[in-house]
Amino acid sequence: MDRIQAMQVFVRVAEAGSFIQAAQTLSLPASTVTSSVKNLEKYLQVRLLNRTTRRVSLTPEGARYLTQCREILELIEHTETSLTDSIKRPQGRLRVDMPGGIAHFIVMPNLYDFYRCYPDIYLMIGVNDRPVDLVQEGVDCVIRTGELHDSTLVARPLGRFRWVTCASAAYLEENGTPQTPHDLSHHRAIHYFSGSARQAGEMRFARATEKISVPVNGTAAVNETGLYIKMCLDGFGLIQLAENVVSEHLQQGRLIEVLADWQPDPVPVNLLYPHQRFLSPAVSSFADWIAGLIRDETSN
C-alpha cells in the first residue's frame, strides 16, 4: 500500500464527505477510492470514517488523523517543490473559478501570455459568481468581486474595479439621457441577479459622501455578463458593471456612459484560496499573473 497516496485519498474523501465525489475530483474509480480507505483503516487498525448510505463523516480518530495527514502532505509538497522550483517550471492541473466578465474580457484576451509563461500548467477555468466550496468541489482558487463574507479563506486583494452606468445610443435617443439617479423612474434597466448581496432591481450610486439605491423597472433579468452586455447593446435598458469589461464598447461609441457624476462605489477584486501553510507553485504563479493583469486594468 502506498501510504502517501492513501493519505491523499483519505483527505479528499473527508473533505468532500463522499467517496463518489472524491473519486470524481481525483479522477479515480470509486472502487479504488473505497478500497484505498479500507486498506488504510486496516493498516492503522482504527476506523477513520463513519459511512451511511448518503454521506461519510469523520470518527474522532479520523478527525485527528485528518489534521496530521494535512500537515504531512503539505510538508511533503513543500519539500519537493523547494528542491525543484529552481529547475522545474510550475506544472499540473489548476482549477480557477471566476465571474464571466473577468473570464471573457480580462483573462481570455491575455491567456496566450499566461501559457507563454507557464506552458506546463493545465488550466481549468470555471465561469460563475456563485459561492463555491473550494475544498469540497476541488477548486484551487477563485476570483471574486465585491465584499468578502467567508473568513475561512485566504484573500489576496487584486485591485478595485471602477463601475459605470451605461446604455446604447439607440436607447438614449428613444428614452432620453438621465441627468440624476431620480430620473431613472422614467427609464428601464436590465436586471442582473447572482448570489451576491446586490438586489437585481436596484442601481446603486455614490457622490462624495452621499450613497443612494434606486429601484429601476426592467423587463428581464440575467446572470451572465455577456448576455447582460448584449441586451444593453440591443437597447433593452441601462446596465451597471465594471468599466474595463465594456471599455471597448465605450471607446467605439456602441455604449455611452451616463450619470458619470454618480458612479457606483469601486468594487474590490480578490483572489481566494484555502488556508494552507504552503501554496502550490501553480496557484502562486497564477496569483502573481492575475494580480499584475488586474493591476494594469485598474490603473488604466
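When I say contact today, I mean heavy atoms within 4.5 Å. Bear in mind that this is a predicted model, where local features need pLDDT of at least 70, side-chain atom pairs count only at pLDDT 80 or more, and totals for chains, interfaces and linings use all residues. Residues are numbered from 1 along each chain as its sequence is written, and side-chain values use heavy atoms, with hydrogens and water left out.

Helices (H or I, at least four residues) and strands (E, at least two) are DSSP runs, numbered from the N terminus.

So which residues of H1 meet H3? From H1 we have Arg3, Ala6, Val9, Phe10 and Val13, and they meet Val33, Ser36, Val37, Leu40 and Tyr43 in H3. By class, that's eight nonpolar residues, one polar and one charged. The axes of H1 (residues 3-16) and H3 (residues 30-44) come within 9 Å and cross at roughly 115°. Axes here are lines fitted to C-alpha atoms, for helices over the stretch in contact, with angles from 0 to 180 degrees between N-to-C directions. The two helices are therefore roughly perpendicular, a label that covers 65 to 115 degrees. The crossing of H1 past H3 is left-handed, meaning the near helix is turned anticlockwise from the far one by less than a right angle.

Now the sheet. It's open, five strands, mixed pairing, in the order E4-E3-E5-E14-E6; strands pair if DSSP finds at least two bridges between them. E4 (121-127) and E6 (153-161) are the edges, each with a single partner strand, so one side of each has no neighbour in the sheet. On average, neighbouring strands are turned by 20° against each other, direction ignored. Inside, E3 (residues 92-98) and E5 (residues 141-145) pair in the parallel sense over two bridges, and Asp97 sits opposite Val142 in E5. Helix H5 (residues 100-107) lies across E3, E4, E5, E6 and E14 (267-274), running at about 115° to E3.

Last stop, a hairpin. E9 (residues 202-207) and E10 (residues 210-215) run antiparallel, joined by six bridges; Ala206, for one, has Lys211 in E10 as its bridge partner. Two residues lie between the strands, and Ala208 in the turn has a positive phi of about 60°.

Conventions:
Parallel < 35°, antiparallel > 145°, perpendicular 65-115°, else oblique. Nonpolar A, V, L, I, M, F, W, Y, C, P; charged D, E, K, R; others polar.
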